[in-house]
Amino acid sequence: MTYENDVQDAQRFLQVGNYKRSLKAALSAVKKSPRSAMAPNIAGIATSASGHPSDAIKYFQKAIALNPDFADAQKNLAQTLIVIGRADAALAVLVRLSKNTPDDWKVWYLKAQAELALGKEKDGLGSVQSALAIQPDTLSVYHLRSLLNLSLGRIKDAIDDLYAVLNINPDDVVALTNLSLPLARQTRSQEALDVVQKAVELDPSNVAARYRLATQFVEMGQWDEGIFHYKAILEFEPDHPAALEQLTLLLPKAQVAALEPKIQAALKKVPKNSENRASLFYALSAALSAAEKTADAEKTLGLANKEMANLLRYVPAADADVTRAILGRFPTELKIEGDTPAGPSPIFVIGLPRSGTTLVEAVLGGHPRVTPLGERGTAGFLLRDTIERDLPFTALDAAEMVLEDQRLLPDLPEGTVAYVDKMPENYRLVGFLKLAYPNCRIINVRRDPRDIALSMWKSHFSGTALSYTYDWDWMAFRFNLYAQSMAHWKSVLPAQIFDVDYKELVNDVEGTGRRMAEFCDLEWQSAMARPDLSATQILTHSATQLRRPVHTDSVDKWRKHTELLARFVDGLDRKLWHDYLKD
């Protein structure tokens with residue numbers, strides 16, 4: 001066979017997905033024409049497509065060495081570098097390529113991918129805009145822009161991007177699935193349900209769509225429907241780790257215990273050092289606990305957290321530096337002047353995760369003129385550059401932040417006078433928030449740190465923000481940073497932060513709720529004492545708990561786990577936590 005025949009065969013096999021034969025033909029062509037760049041480029045594509053992207057790099061590099069102007073090989077190299085986690089090297093290739101071939105939309109698209117991977121989302125948005133200017137109505141570009149906007153906390157903009165996809169292709173299952181969560185975060189729960197139901201109707205075997213549908217049902221309090229769809233996932237993928245984990249949180253105790261053999265079987269197939277393995281350990285711990293195998297359950301829970309700690313490293317020193325830098329911006333008592341801009345005022349509910357922030361929000365949300373918005377996270381995104389680059393935060397900066405924050409708010413019901421943002425981690429941003437919103441209310445939720453830690457230890461969180469929860473020493477360190485931060489904010493903002501103790505709240509929801517309402521300039525409403533009746537959608541780990549009337553079941557649970565918590569308690573600063581560590 002000739003070189004031309006080999007190249008034709010390599011391309012033909014590539015098109016039909018026979019990557020092994022494509023690679024063989026491409027390598028044969030390389031031998032017959034060592035100076036041709038086409039054959040090694042095809043060899044690289046076939047190698048990457050067959051699941052060996054790292055091995056593909058050498059072929060693309062060879063093609064570029066033979067023909068430095070070979071743009072397709074450079075794009076293939078950049079795309080593969082992104083896949084294997086070398087986005088910095090990919091970006092260097094793409095910056096050069098964008099100068100040489102500025103009219104190639106795919107170059108700008110790949111450049112935006114690399115910038116997203118490197119945390120340069122704003123640059124990525126510029127690259128995406130360049131791609132759309134060259135090739136309008138390209139679905140993949142709108143999909144990518146939605147990811148960039150989500151990464152910047154611009155949920156409303158991400159929703160617009162996904163609807164742009166659906167305007168071009170109303171049956172895009174990926175867009176319908178990906179649209180559901182941001183809609184839910186914007187409190188558009190029924191719309192979130194509708195779009196993902198359509199995705200499942202279009203593709204019933206699509207596991208990602210089915211999983212999102214199940215989760216949306218659970219978040220809306222429709223547990224039976226959620227259970228049905230999690231079980232449906234197991235019909236397609238019997239070992240699906242996340243579905244098994246979620247079922248252990250929703251099923252009756254006897255049924256959870258009965259899942260143990262299925263979870264054990266799945267563990268034998270899942271790779272080590274993976275979040276899927278961690279999910280199965282969390283699920284197995286729940287099954288063992290349901291079967292009253294307490295010691296085994298506790299041991300397995302430790303394995304789950306160890307797996308996550310290995311995957312998501314927390315760096316205490318770096319976290320302490322960030323905290324020190326933020327607090328250092330506000331060394332003395334803050335003079336808060338001016339009024340919050342017109343419109344509903346924010347109530348920021350802060351604290352440690354699992355401290356009871358969801359319950360506090362639900363109590364406030366029982367007021368007919370208060371809208372609970374969940375964990376928005378918008379303030380943190382808007383302040384990220386200010387904090388990371390140590391930029392000034394002038395009155396003009398604060399005003400610009402407020403304008404963007406208000407633009408990104410969901411549509412609030414008519415008559416709303418206040419909305420609740422219950423992102424716990426906003427405790428780090430209190431000074432900025434008071435400068436931006438002088439009339440905002442800040443409620444800090446306090447709870448026995450041992451109960452918080454125990455709850456965290458049992459929880460599998462999404463994302464990387466709570467990586468400290470998977471190790472007792474890390475947890476104690478972060479708890480101390482929180483306590484230091486709150487002590488500082490109270491010193492520079494005297495009488496402007498209202499503390500709510502979780503134990504007092506669940507023991508006397510009306511009495512504590514009335515004091516909260518007074519602090520927020522709200523008239524007490526009897527509905528505020530029954531948050532279980534007003535909760536419409538809950539996107540946090542409290543989704544299955546807040547549907548019950550307020551209860552004290554979670555108070556002082558730590559007393560049954562003193563040995564387990566010993567290392568954590570030893571790491572707590574007793575001066576900072578003296579109110580809780582007296583016994």
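**Helix packing and the sheet**

Mentor: Start with a helix pair: α7 passes α8 in a left-handed crossing. Keep in mind that this is a predicted model.

Trainee: Which residues of α7 and α8 make the contact?
Mentor: From α7, W105, W108, Y109, K111, A112, E115 and L116. α8 brings E121, D123, G124, S127, V128, S130, A131 and I134.

Trainee: How do those contact residues divide into nonpolar, polar and charged?
Mentor: Eight are nonpolar, three polar and four charged.

Trainee: What angle do α7 and α8 pack at, and how far apart are their axes?
Mentor: The angle is about 165°, and the axes are 8 Å apart. α7 covers residues 105-117, and α8 covers 121-134.

Trainee: So what is their relative direction, roughly parallel or roughly antiparallel?
Mentor: Roughly antiparallel, because the angle is over 145 degrees.

Trainee: New topic, the sheet. What is the strand order?
Mentor: β2-β3-β1-β4-β5, an open sheet of five strands with parallel pairing. β2 (370-372) and β5 (497-501) are the edge strands, each pairing on one side only. From one strand to the next, the twist averages 25°.

Trainee: How many bridges join β2 and β3?
Mentor: Three, in the parallel sense. P372 stands opposite V420 in β3.

Trainee: Which strands does helix α27 touch?
Mentor: β1, β4 and β5. α27 (residues 472-492) packs on the sheet, and its direction makes about 145° with that of β4.

Trainee: And α29?
Mentor: α29, residues 509-519, also packs on the sheet, touching β4 and β5. Its direction makes about 170° with that of β5.

Methods
Residues are numbered from 1 along each chain as its sequence is written. This is a predicted model: local features need pLDDT of at least 70, side-chain atom pairs count only at pLDDT 80 or more; totals for chains, interfaces and linings use all residues. Side-chain values use heavy atoms; hydrogens and water are left out. Axes are lines fitted to C-alpha atoms, for helices over the stretch in contact, and angles run from 0 to 180 degrees between N-to-C directions. Helices (H or I, at least four residues) and strands (E, at least two) are DSSP runs, numbered from the N terminus. Angles under 35 degrees count as roughly parallel, over 145 as roughly antiparallel, 65 to 115 as roughly perpendicular and the rest as oblique. A crossing is left-handed if the near helix is turned anticlockwise from the far one by less than a right angle, and right-handed if clockwise. Contact means heavy atoms within 4.5 Å. Ala, Val, Leu, Ile, Met, Phe, Trp, Tyr, Cys and Pro count as nonpolar, Asp, Glu, Lys and Arg as charged, and the others, Gly among them, as polar. Two strands pair if DSSP finds at least two bridges between them.
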